[in-house]
Amino acid sequence: MTVLIDPPIWAGHGRMWSHLVSDRSFDELHAFAARLGIPRRAFERDHYDVPTERYDEAVRAGAVEVGSKELVLRLTAAGLRRPKHRPAPGRSGVSAPR
């Protein structure tokens, strides 16, 4: 199991956030997040947003600390990267013919 976390350098909603990802599967990532009690609503496309105050807890639970660039490289290499501009698998963004 390889769950990765980057430093809490992402600002949003008056807080700083980290990204929690798996470089193996979304199932692995969801299971890890569930063990930490991170709600599924914190999942966005390919990662969980984790607030600063939960960072150390995620690392103690086994998340591997990496830089943000390394996190994206490993997520991309695993074929799990889902950028904002690209639809999720199975959704082309094109309407079906009528």
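I began with Ser68, which counts as buried because its relative accessibility is 18% (buried is under 20% relative accessible area, exposed over 50%, partly exposed in between, with a 1.4 Å probe and protein chains only). The model is predicted: local features need pLDDT of at least 70, side-chain atom pairs count only at pLDDT 80 or more, and totals for chains, interfaces and linings use all residues. Numbering runs from 1 along each chain as its sequence is written, and side-chain values use heavy atoms, with hydrogens and water left out.

I placed Ser68 in helix α3. Its side chain makes a polar contact with the Asp6 side chain at 3.1 Å. Setting aside neighbours within four places in sequence, I found Ser68 in contact (heavy atoms within 4.5 Å) with Asp6, Pro7, Ile9 and Trp10.

Next, the pocket. I noted 19 lining residues for the largest pocket, with His19, Glu44, Arg45, His47 and Asp49 nearest its centre. β2 (10–12), β3 (15–22), β5 (47–51) and α3 (68–77) are the elements that each give two or more residues to this lining. The largest share, four residues, comes from α3. I sorted the lining into seven nonpolar, five polar and seven charged residues.

Last, the core. The largest nonpolar core has 22 residues, and Ile5, Leu20, Leu29, Ile38, Tyr48 and Ala63 have the most contacts inside it. α1 gives the most to this core, five residues. I checked Ala63: leaving aside neighbours within four places in sequence, it is in contact with Val3, Ile5, Leu20, Phe32 and Ala58.

How values were computed: 1 Å grid on protein atoms, 1.4 Å probe; cavity = no way out; pocket = protein on both sides within 12 Å on 5 of 7 lines; lining within 4 Å. Nonpolar A, V, L, I, M, F, W, Y, C, P; charged D, E, K, R; others polar. Polar contact = N/O pair within 3.5 Å; in protein donor to acceptor, adjacent residues only side chain to side chain. Core = buried A, V, L, I, M, F, W, Y, C linked by side-chain atoms within 4.5 Å.
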